[in-house]
Amino acid sequence: MQVLEHEPTNTKAQYRLAKVLSLRNEFEEAEKLLRQVLEVENTPAMRRELALVQRELKRIEQQQRQQFGGMFDRLATEQGGLYQEQDIKKRLEDERQSRMRKCTICDIEVEDVQYARHMIKAHSSK
Ligand SMILES: [Zn+2]
């Protein structure tokens, strides 16, 4: 018997959840989901969704840079280079990760402070 890898229902649910997440500015989670969707359903519409989410992620990263008041640029000139910048990015990412917890239902990572809201918004609809 052939195993169906294509699971339209699951994909649809993931896509819907990704839309909800991006509406709530949770773009990293949305991106993660859309990538999963794309593995099954690589359509122009899905690629467009992913591109939109990635554009938002980029915008947020730029905002973060501004918030950190030139820390990137300063260190980059002091120590010379991309490595430092990646190092800071990694530290920021680690710090962010420490505030994340994994949803027990949909298995995506949600920021700690938004976890309760996620459970209600994403999983309470019948
Ligand atoms: Zn969830």
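Q: What is the mean pLDDT of the chain, and where is confidence lowest and highest?

A: Where pLDDT is low, predicted coordinates should not be read in detail. This model is predicted, and the mean pLDDT of the chain is 81, with 78% of its residues at 70 or more. Confidence is lowest in helix α4 (residues 71–79), where the mean is 61, and highest in α2, where the mean is 92.

Q: How many helices and strands does the chain have, and in which order do the elements run?

A: The chain has six helices and two strands. Starting at the N terminus, the order of elements is α-α-α-α-α-β-β-α.

Q: What share of the chain is buried, and what share of the contacts joins residues at least 24 apart?

A: A residue counts as buried when 20 or more other C-beta atoms lie within 10 Å of its own. Of the 126 residues in the chain, 15% are buried. Among contacts between residues at least 6 apart in sequence, 32% join residues at least 24 apart.

Q: Which residues of the largest nonpolar core touch the most other members, and which elements give two or more residues to this core?

A: The largest nonpolar core has 13 residues, and those touching the most other members are Leu-17, Ala-18, Leu-21, Ala-30, Leu-33, Leu-34 and Val-37. Two or more residues each come from α1 (8–23) and α2 (27–40). Helix α2 gives the largest share, five residues.

Q: Why does α3 lie largely in the open?

A: The number of buried residues in α3 is two out of 24, so this helix lies largely in the open.

Q: What is the phi of Asn-25, and what is that of Asp-107?

A: Most residues other than glycine have a negative phi. Asn-25 is not a glycine, yet its phi is positive, at about 65°. Asn-25 sits in the loop between α1 and α2, and it is exposed, with 11 other C-beta atoms within 10 Å. Asp-107 also has a positive phi, near 70°. Asp-107 belongs to the loop between β1 (100–102) and β2 (109–111), and it counts as exposed because 10 C-beta neighbours lie inside 10 Å.

Q: Where is Glu-41 placed, and which residues does it touch?

A: Glu-41 lies in the loop between α2 and α3. With 16 other C-beta atoms within 10 Å, Glu-41 is partly exposed. Not counting residues up to four places away in sequence, Glu-41 touches Thr-11 and Met-46. Glu-41 and Thr-11 are 30 residues apart along the chain, and their C-alpha atoms are separated by 7.7 Å.

Technical notes. Residues are numbered from 1 along each chain as its sequence is written. This is a predicted model: local features need pLDDT of at least 70, side-chain atom pairs count only at pLDDT 80 or more; totals for chains, interfaces and linings use all residues. A nonpolar core is a set of buried Ala, Val, Leu, Ile, Met, Phe, Trp, Tyr and Cys residues joined through C-beta atoms within 7 Å. A residue is buried if 20 or more other C-beta atoms lie within 10 Å of its own, exposed if 12 or fewer, and partly exposed in between; C-beta atoms are placed from the backbone. Helices (H or I, at least four residues) and strands (E, at least two) are DSSP runs, numbered from the N terminus. Two residues are in contact if their C-beta atoms, placed from the backbone, lie within 7 Å. pLDDT is the predictor's confidence in each residue, from 0 to 100.
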